[in-house]
Amino acid sequence: MSESQLIQQAADGDARAVRALYDRYAPRVYAVVRRIAGDDELAQDYAQEAWIRAIRALPSFRGDARFSTWLHRIAVNAALQALRKAETRRKREASPPEQIPVAPKPGDALLQRRLERALDRLPEGMRRVLILHDVEGYTHDEIGDVLGVAPGTSKSQLFKARAKMREMLTASNGAAQDHGAEAWGI
Amino acid sequence: MGHLNLETLARLVDDIPELKEAEHIASCEACASRLEALRDQTEQLRSLPELVPPQGDWQVLEAKLRSEGLIRDPGLFARLGLAETPSWMRAAAAIVIFLGGTGFGAVLTSHGASQRMAALEGEPIVQESATSTQDAAERLRRAEQTYVNALAHYREVAADQGGDASRADPRSRFAALEYLVAASQAAVRQAPTDPFLNGLLASTLAEREATLRRISTQQQNWF
């Protein structure tokens, strides 16, 4: 079955079609939402909210953009909106970086884990811009649209976020080296 | 020129350096190394993998979607892969499946049903979605064959019990035939030259007349 047929059936409320779309795109949706949320529990709530919005809006999907792009945008917006609401209830503070072991080579699971944990510890404003730009590939104009800021502000936040990430990763490298082989025991 | 700060180096991951910045990086191993590390970091962020949602995520989401009325289970025709067939064909298929179900039911409730049902196993009516019109037509043909088999068993069981089952409840049979006639007439209106549909309509009309005569005869005998 083609994707457009699947989308049509899902728009008609067919549970099996919705499940098929979920199976296909849930990892992508969850990844972007998880990184924006910076928290597992929040991420699940935000991802589910994103899916509910998407399924509700499916009848209006005209296929002008790719479905994955359309869904991704809904997920980003859902997560950002939920975070804004949460901000009114709590103030998140960046905690000091944990001692994270050094990865032996780029691209492996350990390095990814270090990056994910460093991302979680970035201040929210920086994290959003860094994720949208460096992880998800948004332009500064697109980030400006999504976050409601000027492209220049997006750039400035991005450079700060990259620098902060570098500091955290360097600090964790140093701590890991100080702890020697024990630091590998995740 | 002193060392470039991290934010400046972070900018140079994407942007072209100004002349003084370029000269400094070319001559300063520390800044060049830090810029390289920032480029690696950005590259690694771009290749972060997708993340698997927590276990049970779909079940929770499904419950929410159902509670909002956003999803439902597909109907019988969708499960048969017949969702996009013309309405007359769906009506005809409905009759075949309905009567097939009636035949199955009769077999199931009859003496020795389990042995006879064993012969029918392996002929499920509800199957995975069809991939083409030909596939859907083939599934329809198999469903019809299942009905014919079930009906044959039904008659066999009825004969074992000492009577013709088709005579057991002529009024119900007449009502079912009325429905079949209406659907067959609708089908012939859609495809007037189709020999199968015309044959189906003629057979159904004849069977309906025969059943009507049977009902009439029973009433005369009762009086």
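Guide: Before the helix pairs, one convention: axes are lines fitted to C-alpha atoms, for helices over the stretch in contact, and angles run from 0 to 180 degrees between N-to-C directions. Please also keep in mind that this is a predicted model.

Visitor: Fine. At what angle do the axes of α3(A) and α4(B) cross, then?
Guide: The axes of α3(A) and helix α4 (residues 57-67) of chain B cross at roughly 45 degrees, and they come within 10 Å. Angles under 35 degrees count as roughly parallel and 65 to 115 as roughly perpendicular; α3(A) and α4(B) are therefore oblique to each other. The crossing of this pair, α3(A) and α4(B), is right-handed.

Visitor: Which residues make that contact between α3(A) and α4(B)?
Guide: From α3(A) come A:Gln44, A:Gln48, A:Trp51, A:Ile52 and A:Ile55, and from α4(B) come B:Asp57, B:Val60, B:Leu61, B:Lys64 and B:Leu65. Sorted by class, the contact of α3(A) with α4(B) has six nonpolar, two polar and two charged residues.

Visitor: And the whole contact, how many residues does each chain put in?
Guide: Chain A contributes 36 residues and chain B contributes 35 residues. On the side of chain A that touches chain B, at least two residues each are supplied by α2, α3, α5 (109-120), α6 (124-135) and α8 (151-179) of chain A.

Visitor: Which helix gives the most on the chain A side?
Guide: That is α2(A), which gives eleven residues to the side of chain A that touches chain B. By class, the residues of that side divide into 20 nonpolar, five polar and eleven charged.

Visitor: So what does α2(A) pack against within its own chain?
Guide: Helix α2 (residues 15-37) of chain A packs with helix α3 (residues 40-57) of chain A at an angle of about 135 degrees, and their axes are 9 Å apart. An angle over 145 would count as roughly antiparallel, and α2(A) and α3(A) are therefore oblique to each other. Their crossing, that of α2(A) and α3(A), is right-handed.

Visitor: Which side chains meet there, between α2(A) and α3(A)?
Guide: In α2(A) the residues are A:Val18, A:Tyr22, A:Val29, A:Tyr30, A:Val33, A:Arg34 and A:Ala37, and in α3(A) they meet A:Leu42, A:Ala43, A:Tyr46, A:Ala47, A:Ala50, A:Trp51 and A:Ile55. The contact of α2(A) with α3(A) has 13 nonpolar residues, no polar ones and one charged residue. A:Trp51 and A:Ile55 are listed in this contact, and both are also listed in the contact of α3(A) with α4(B).

Visitor: Switching topic: is α6(A) largely enclosed or left open?
Guide: Ten of the twelve residues of α6(A) are buried, so α6(A) is largely enclosed by the rest of the structure. Among those buried are A:Arg127, A:Arg128, A:His133 and A:Asp134, along with A:Leu130 and A:Ile131. After α6(A) comes A:Gly137, whose phi is positive, near 80 degrees.

Visitor: How does α6(A) sit against α7(A)?
Guide: The pair α6(A) and helix α7 (residues 140-147) of chain A packs at an angle of about 135 degrees, with axes 10 Å apart, and α6(A) and α7(A) are therefore oblique to each other. The crossing in which α6(A) passes α7(A) is right-handed. A:Arg128, A:Val129, A:Leu132 and A:His133 in α6(A) meet A:Ile143, A:Val146 and A:Leu147 in α7(A), and by class this contact has five nonpolar residues, one polar and one charged.

Visitor: Last, how do the chains look overall, and what are the scores?
Guide: Chain A has eight helices and zero strands, and buried residues make up 40% of its 186 residues. Chain B has ten helices and zero strands, with buried residues making up 23% of its 223 residues. Chain B averages a pLDDT of 75, with 65% of the residues scoring at least 70, and the model scores ipTM 0.78 and pTM 0.57.

Terms used: Residues numbered from 1 in each chain as written. Chains lettered and ligands numbered in written order. Helix = DSSP H or I, 4+ residues; strand = E, 2+ residues; numbered from the N terminus. Left-handed = near helix turned anticlockwise from the far one by under 90°. Contact = placed C-beta atoms within 7 Å. Nonpolar A, V, L, I, M, F, W, Y, C, P; charged D, E, K, R; others polar. Buried ≥ 20, exposed ≤ 12 C-beta atoms within 10 Å, placed from the backbone. pLDDT = per-residue confidence, 0-100.
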